Amino acid sequence: MTDQIKHHLTDALLMAYSAGTLPEAFSLAVATHISMCDECRARLGAFDTMGGALMDECKGAELAADSLEATMARIKAGNPARITDAPARGKSKGMLPAPLRDYVGGDIDAVKWKNVGMGVKQAILPTARDASARLLYIPAGAAVPDHGHAGTELTLVLQGAFRDEMDHFGPGDIEVANEDLDHTPVADIGEDCICLAATDAPLKFKGLIPRIAQPFLRI
Amino acid sequence: MTNGREKENEDWVACIARIRDAQDQAAFAELFHHFAPRVKAFLMRSGADASMAEECTQDVMATLWQKAHLFDPSRASAATWIFTIARNRKIDAIRKQKRPEPEDLPWGPESEPDQADILALQQESEHLGKAISALPDKQRILIEQAYFGDLSHSEIAEQTGLPLGTIKSRIRLALDRLRHAMK
């Protein structure tokens, strides 16, 4: 998988994921890409190291007078910290990488698809509302209507491939689109295409019908 | 600190080992005095008020004690590890969101990390710290804001009055410089 990937995360996305400032839906796309891509995993390691170094360099804030004692008291009380851990899990056996399985509640067969017309299906994933994430199922050879973006859209290929005005995207590739890009992604003929798409703004469709359909599709 | 950064990083690794192996409170106090104020500053710059930042800092430092056995010095410096704990606490408590984490790599059977790997990783982290402090002020401040200020590039543009393109290219320049320094 990892050697075929040609389209990677940008520095800005990796830095924001490392800093913990991305909307949850974008973090999901980043974590899923990294699960498939050793190069971006290594780059993320460098950004985490930079975060640690920046924290180490900065001027500290004044602590409460009893801060250390209070912390020792917490430790002695054995209060389990409520900090979320990376759940222990092995390499994924199913088709979906582990972070996506957590949101789907299972592998690809557990996805609750909804038809959105012309054979295209989608499933919206439960994330915080500052951005949305959905799985898209595009039949081989079919197109997603021509659309522009009000914000940023990340599209990660999980299966199959698509082509748009920019380039060709295969498994593991991620396209980072912003307001400058109007595109019509078309799935390759060979295989149905499954993507994870995350966006921080509603998509703008150009045709009349898609525009009417938009409120129902929630995309 | 008069012993310089070279010694520091490996000292912190030793402190965490003493907590892990002997529940050593003196080692914990040393780490606490260095890192807790920095964790609190990071949380406050990310939008927490002083009392919430204090609460979360105590959580983060208690987590360090409880999870000392999970620290792998061949994969992270103490500062990096503590930063990731603080960042996750921030997302959880301040932003009230979940953080999707990448799938673990199959690392193979757990073995004691190799001393040479630990040394190399710790030295690399120190090297990066030095490279960051050597950045021109403008670039360092932008990178700091991106990390700590919870500001998007366009919010930085509003605050500084700089055009978005300038901010993006300064950040890119800073990253290029750091990559060059790490070669």
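Predicted model: local features only at pLDDT ≥ 70, side-chain atom pairs only at ≥ 80, totals over all residues.
Local features need pLDDT of at least 70 and side-chain atom pairs 80 or more, while totals for chains, interfaces and linings use all residues. Residues count from 1 along each chain as written, chains are lettered from A and ligands numbered from 1 in written order, and side-chain values use heavy atoms, with hydrogens and water left out.

User: How many residues of chain B are in contact with chain A?
Analyst: Contact here means heavy atoms within 4.5 Å. On the chain A side, 65 residues take part. For chain B the number is 67.

User: Which helix gives the largest share of the side of chain B that touches chain A?
Analyst: Between the two chains, 23 residue pairs are in polar contact, both at pLDDT 80 or more (N or O atoms within 3.5 Å; within protein, one able to donate a hydrogen and the other to accept it, and residues adjacent in sequence counting only if both atoms are side-chain atoms). Elements giving two or more residues to chain B's side include H3 (50-66) and H4 (78-94); helices are DSSP runs of H or I, at least four residues, numbered from the N terminus. The largest share, 15 residues, comes from H2(B).

User: How many salt bridges does the rule find across the interface of chain B and chain A?
Analyst: The rule wants a side-chain nitrogen of Lys or Arg within 4 Å of a carboxyl oxygen of Asp or Glu. Over all chains the count comes to 15. Across the interface of chain B and chain A, it's five.

User: Which residue of chain A does Asp59(B) meet in a salt bridge?
Analyst: Asp59(B) is buried, at 6% relative accessibility (buried is under 20% relative accessible area, exposed over 50%, partly exposed in between, with a 1.4 Å probe and protein chains only). Within chain B, Asp59(B) also pairs with Arg89(B) at 2.8 Å, so parts 30 residues apart in sequence, in H3 and H4, are tied together. A salt-bridge network links Asp59(B) and Arg89(B) with Glu55(B), Asp92(B) and a residue of chain A. At 2.5 Å, N to O, the chain A partner of Asp59(B) is Arg74(A).

User: Why does the pair of Asp130(A) and Arg95(B) join two chains, and where does Arg95(B) lie?
Analyst: Their side chains meet in a salt bridge at 3.8 Å, N to O. Asp130(A) sits in a loop of chain A and Arg95(B) in a loop of chain B, so the pair joins two chains. Arg95(B) lies in the loop between H4 and H5 of chain B.
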